[in-house]
Amino acid sequence: MPQLRCPFEDCRCVVASMDEKRKIQVPEQVYTKMKLLQNSRERTLRGGQFLVFDDVWDFDNIGVSRSLPVELRNATSGFALDDDSLTVNEVSKYLICADCDRGPLGAVCEVKTADGGVKVVHLLSLASVELEQ
Ligand SMILES: [Zn+2]
């Protein structure tokens, strides 16, 4: 499977493998709402595309930030992902490169599912990392 790497020239650490089955399409306002890092070339190719991981251990190499300040946690409340099947309750932490600690490359979110359940998902932004073919 192609690999997803940290976008920084001096790092390029593998963060995860590309997996089409995990992919969701998210409205583009997500980048400003969540204040995610954007890589202009990847954003053109894969804007709004995210991979969903239920478990942090499903990544090859990812770091998790400290809990975000309350203003940022609440800023995304009620934001719908993927045709309303998932709605963000809050963004609790950021995903960062495990090697260089830079990012944010994605977010750890508490989401509401279409059936009313609540779960925690890890969203990796494909516009924030680099896809190696
Ligand atoms: Zn890195």
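Buried means under 20% relative accessible area, exposed means over 50%, and partly exposed lies in between, for a 1.4 Å probe and protein chains only. The model is predicted, so local features need pLDDT of at least 70 and side-chain atom pairs count only at pLDDT 80 or more, whereas totals for chains, interfaces and linings use all residues. Residues are numbered from 1 along each chain as its sequence is written, and side-chain values use heavy atoms, with hydrogens and water left out.

**View 1. Pro69 in a loop.** Pro69 counts as partly exposed, because its relative accessibility is 43%. The loop that holds Pro69 runs between β5 (62–64) and α3 (70–75). Helices (H or I, at least four residues) and strands (E, at least two) are DSSP runs, numbered from the N terminus. Pro69 and Val91 are 22 residues apart along the chain, and their C-alpha atoms are separated by 9.8 Å.

**View 2. The zinc site.** Four SG atoms, those of Cys6, Cys11, Cys97 and Cys100, coordinate the zinc ion at 2.2 to 2.4 Å. Donors are N, O and S atoms within 2.8 Å of the metal (3.2 Å for Na, K and Ca); water is not among the atoms, so sites may look incomplete. The angles among the 4 donor atoms are 106 to 114°, and the site is tetrahedral. Four donors count as tetrahedral if all angles lie between 85 and 135 degrees; four count as square planar and six as octahedral if opposite donors are over 155 degrees apart and all others between 65 and 115, and anything else is irregular. Ideal angles at a metal are 109.5 degrees for four tetrahedral donors. Along the sequence, the donor residues follow the spacing C-x4-C-x85-C-x2-C. Cys97 is buried, because its relative accessible area is 0%, whereas Cys100 counts as partly exposed at 22% relative accessibility.

View 3. Rings of Phe, Tyr and Trp (its six-membered ring) pair if their centres lie within 6.5 Å; planes under 30 degrees apart count as stacked, over 60 as edge-to-face and the rest as tilted. By this rule there are 2 aromatic pairs. One of them joins Tyr31 and Phe50, which are stacked at 6.0 Å centre to centre with 25° between the planes. Tyr31 belongs to helix α1 (residues 30–34) and Phe50 to strand β4 (residues 49–53), so the pair ties together parts 19 residues apart in sequence. Tyr31 and Phe50 are both buried. Elsewhere, Arg102 lies over the face of Phe8, 4.1 Å from the ring centre. A charge sits over a ring if NZ of Lys or CZ of Arg is within 6 Å of the ring centre and within 35 degrees of the ring normal.

**View 4. The nonpolar cores.** A nonpolar core is a set of buried Ala, Val, Leu, Ile, Met, Phe, Trp, Tyr and Cys residues joined through side-chain atoms within 4.5 Å. The largest core has 22 residues, and those with the most contacts inside it are Met34, Phe50, Leu81, Cys109 and Leu123. Two or more residues of this core come from each of α1, β4, β7 (86–97), β8 (106–113) and β9 (118–125). The largest share, 4 residues, is given by β7. A second, separate core has 19 residues, including Cys6, Phe53, Leu124 and Leu126.

View 5. Contact means heavy atoms within 4.5 Å. Leaving out residues up to four places away in sequence, Cys109 touches Met34, Glu90, Val91, Lys119, Val120, Val121 and Leu123. Asn89 is found in strand β7 and is partly exposed, with a relative accessible area of 23%.

**View 6. Backbone features in the loops.** Most residues other than glycine have a negative phi, and most peptide bonds are trans. Arg12 is not a glycine, yet it has a positive phi of about 60°. Arg12 lies in the loop between β1 (3–5) and β2 (14–17). Asp101, also a residue other than glycine, has a positive phi near 65°. Asp101 is found in the loop between β7 and β8 and is exposed, with a relative accessible area of 55%. Pro104 is found in the loop between β7 and β8, and the peptide bond from Gly103 to Pro104 is cis, with omega near 0°.
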